[in-house]
Amino acid sequence: MEKRYYQPEIETASHEQIKQWQNERLVKQVKHVWDNVPYYRKKMEEKGLTPDDIKGRDDLHKLPFITKADLREAYPYGLMGKPLKDCVRIQSTSGTTGKRVVAFYTQHDIDLWEDCCARAIMAAGGTDEDVCQVSYGYGLFTGGPGLNGGSHKVGCLTIPTSSGNTERQIMFIQDLQATILCCTPSYAAYLGESMKEMGLTPDQIPLKAGIFGAEAWSEEMRQDIQNTLGIKAYDIYGLTELSGPGVAFECSEQTGMHINEDHFIAEVIDPDTGEVLPEGSTGELVFTAITKEAFPLLRYRTRDICTLTRKACSCGRTHIKMSKPMGRSDDMLIIRGVNVFPSQIETVLLNNGYAANYQIIVDRVKNTDTLDVHVEMTPAMFTDNLGEIDRMQKELVADLRSMLGLTAKVTLVAPKSIVRSEGKAVRVIDKRKI
Ligand code: DLL
């Protein structure tokens, strides 16, 4: 495939050049934050630091972390780096795990964010000849606005369907011959399932690529979506606190996501001690935004667990790659003392021929944690033969035991009985917290 980049001189810059950009921008950003964000200045003072202590990337570890708790404490204006009159937009998270995060943007911030999304679209093969359907939610969620802006920058014809109304989504894909689809992986799987039911085969679907993110999804789910829709499915990562989608994106190699290092410095730390881990270790991802003006977070703890690698990539991009996050540290379930990520359960299900339609129910009965996995049978495997269902359930229990090291209860349910999601899927119900 011909190599195309949105900003070639940046995306393929040498490691020395990237380091130089990071050093210069970090020094400038620390000064900006010191001068304009009293909340963070106080945190630095508490550690006995002034901007003079930060001469470049190698000094980053000295700076204090910012956590979700800081965002809550400083809500809504306490971490702003620019006066309100210079800001043109906010975006916000759904706030499912506490108070909403409100992030502020100057026009310059939006411009750089959209550049990052444009890089992702071109890495997925997008050009100005493409028709890009953006089926992420528009509004406060960053998915729709971010990819919409990136699609404009690439020059694609953009279809801003937002999420939901699956029939209309499919109508636009067919009638306007959409070639790129942007949505959550769970919604892509649902669209694929619906098109299959309508009798559409992959070669009758005009899509060639998908840019899917905003939630954890397994390699097996990627294969599933690629096969049903007849596309290449690319991962994209980001979070509202750091702008939104496009902090990192996948290229033709599909082996992890390039982090846009001219805008973000990534570290991986031990989530328990906060110690910075060497490249290649698995730990919590921490980001420092070095170009953002209005919401300039330094050393923000994402709670996402992954590894970083600077191995050469066949796409020609030089920016460091992050692995697919295996989940969030706060998504990790501790069941009878064992750490369980929902993505591990998904892998077992998809390897056994099930689709990613499942729900994990955790409870505590008589002081013992219980793990119930409800899994939909696919229409092809559906049966009402109880002996056969029992056999299939036992097979999954055994495979889950070898993956997780503990026994789960598996209940197979009829096709279509688990609610489909149009945005981020809710996979886990933890009744211990209710
Ligand atoms: O989900 C931004 C986004 C929109 C990313 C569209 C990609 C595509 P938030 O709602 O603030 O922002 O949620 C951020 O979602 O910390 C991760 O836990 C998770 N996440 C995002 N992308 C991925 C991904 C958007 N590709 C949180 N794989 C992050 C796994 C992801 N998890």
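How close do the axes of H8 and H9 come, and at roughly what angle do they cross? I began with this pair and found that the axes of H8 and H9 come within 9 Å and cross at roughly 35°. For my own reference, axes are lines fitted to C-alpha atoms, for helices over the stretch in contact, and angles run from 0 to 180 degrees between N-to-C directions. Helices (H or I, at least four residues) and strands (E, at least two) are DSSP runs, numbered from the N terminus.

Before going on, I noted that this is a predicted model, in which local features need pLDDT of at least 70 and side-chain atom pairs count only at pLDDT 80 or more, while totals for chains, interfaces and linings use all residues. Residues are numbered from 1 along each chain as its sequence is written, and side-chain values use heavy atoms, with hydrogens and water left out.

**Entry: helix H8 against helix H9**

I looked up the handedness next, and H8 passes H9 in a left-handed crossing; a crossing is left-handed if the near helix is turned anticlockwise from the far one by less than a right angle, and right-handed if clockwise. On the H8 side I listed Pro185, Ser186, Ala188, Ala189, Gly192, Glu193, Met195 and Lys196, which meet Met221, Ile225, Thr228 and Leu229 in H9, where contact means heavy atoms within 4.5 Å. The residues of this contact of H8 with H9 divide into seven nonpolar, three polar and two charged. In that grouping Ala, Val, Leu, Ile, Met, Phe, Trp, Tyr, Cys and Pro count as nonpolar, Asp, Glu, Lys and Arg as charged, and the others, Gly among them, as polar.

**Entry: helix H10 against helix H11**

I then turned to helix H10 (residues 342-351) and helix H11 (residues 386-404), which pack at an angle of about 140° with their axes 10 Å apart. That angle makes H10 oblique to H11, since angles under 35 degrees count as roughly parallel, over 145 as roughly antiparallel, 65 to 115 as roughly perpendicular and the rest as oblique. The crossing of H10 and H11 is right-handed. From H10, I noted that Gln344, Ile345, Thr347, Val348 and Leu349 meet Leu396, Asp399, Leu400, Met403 and Leu404 of H11, and the residues of this contact divide into seven nonpolar, two polar and one charged.

**Entry: salt bridges**

How many salt bridges does a search of the whole structure find? I recorded 31 salt bridges, each being a side-chain nitrogen of Lys or Arg within 4 Å of a carboxyl oxygen of Asp or Glu.

Among them, I looked up the one in which the side chains of Arg420 and Glu193 meet (2.8 Å, N to O). This pair links distant parts of the chain, with Arg420 in the loop between strand E19 (409-413) and strand E20 (428-430) and Glu193 in helix H8 (residues 185-197), 227 residues apart. Arg420 counts as buried at 17% relative accessibility, because buried means under 20% relative accessible area, exposed over 50%, and partly exposed in between (1.4 Å probe, protein chains only).

I also found a salt bridge between the side chains of Lys416 and Glu197 (3.2 Å, N to O). Here Lys416 lies in the loop between E19 and E20 and Glu197 in helix H8, 219 residues apart. Lys416 is partly exposed, with a relative accessible area of 42%, whereas Glu197 is exposed at 52%.

A further salt bridge joins the side chains of Arg222 and Glu250 (2.8 Å, N to O). I placed Arg222 in helix H9 (residues 219-229) and Glu250 in strand E8 (residues 244-250), 28 residues apart, and I noted that Arg222 is buried and so is Glu250. Salt bridges that share partners also join Arg364, Asp369, Asp430 and Arg432 into one network.

**Entry: backbone details**

Which two residues does a cis peptide bond join? I found it between Tyr75 and Pro76, with omega about -5°, and Pro76 is in the loop between helix H4 (68-74) and strand E1 (89-92).

I noted that Lys366 has a positive phi of about 50° although it is not a glycine; Lys366 sits in the loop between strand E17 (358-365) and E18, and at 78% relative accessibility it counts as exposed.
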